[in-house]
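Q: Could you zoom in on one part of this model and talk me through it? I'd like to start with the aromatic rings and then follow the strands.

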Amino acid sequence: MELLRYWRFIKKRLWLIALIVIVSCTAVGYYTNHFLQPQYQATAQLIVSGQLTDPNANASNVDIGAINTNIALIKTYKAIVRTPRIMTKVAERYPDLHASADELIARVSVGSISDTQVMTISAMDTNYTRAAKMANAVSTVFQQEVKTLMKLDNVSILNPADTTKHPSPLSPHPTTNIMVAFIVSALVGIAAAFVLDQLDNTVKTEEDVAELLGVTALAAIPKAKRHNLADRRPKSQMTNLGGKENVSFDA
């Protein structure tokens, strides 16, 4: 019974819910397509590994302790990349990026592949080619500066970002945004329907009478329609079947 009661509330305000959903989805779709700029991400990969001291050494002689040390160093390197020291030099050496040090810090992110010696430097921009150039520029400057800062030469560029690719934008996602807007607006519309129903204390149906007074309605007066009222108007004239003049009668 409760479900039927809730459905009656929703059905009564279904037009309101539909209006809210349509307006919300249309507004979100229009805003996403016309005001949000697409964002592209490009990623360069670096590897942190020291040189073998013995040129004749092979893979079986690799120092596991050195590998663990390099993995631990990645945490420090990740913090160094997004510092003004590095980004200022990137902005100075690559003026074609048209980005200041603060803008580079905001657009660049640094990560690592778990339990490996591989670091990733990613850049976000509205143009993919510029994002790739930005990721490569930061990687190159970091590789050079870490030698001075850490007195180590253990960073190499594994895979630079490909500037010739034409990937899909990372964001926005119009379909996802519209789906989220649909769900949220539908919930808002249903909540608004229940609120309006609770605020409306007028009696409109037999069910309202029974619920309010606890009694059953004995009779109901149907709503009069215009064509029924037109049929009940008194006819004061009659037309002669022979097509002659009308004869009037007093009511």
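**Rings and strands up close**

A: Ring pairs tie Tyr-30, Tyr-31 and Phe-35 together as a cluster. Bear in mind that this is a predicted model: local features need pLDDT of at least 70, side-chain atom pairs count only at pLDDT 80 or more, and totals for chains, interfaces and linings use all residues. Residues are numbered from 1 along each chain as its sequence is written, and side-chain values use heavy atoms, with hydrogens and water left out.

Searching the whole structure turns up three aromatic pairs (ring centres of Phe, Tyr or Trp, taking its six-membered ring, within 6.5 Å). Take Tyr-31 and Phe-35: their ring centres are 5.5 Å apart and their planes sit at 20 degrees, so this pair is stacked (under 30 degrees; over 60 is edge-to-face, the rest tilted). Phe-35, at 53%, counts as exposed (over 50%).

Now the strands (DSSP E runs of at least two residues, numbered from the N terminus). Four of them make an open sheet, ordered 2-3-1-4, with antiparallel pairing (at least two DSSP bridges between two strands). Strand 2 (108–112) and strand 4 (155–159) are at the edges, each with a single partner strand, so one side of each has no neighbour in the sheet. Strand 4 is joined to strand 1 (residues 40–48) by four bridges, and the two run antiparallel. Look for Val-48 there: its bridge partner in strand 4 is Val-155.

Notes: Buried means under 20% relative accessible area, exposed over 50%, partly exposed in between (1.4 Å probe, protein chains only).
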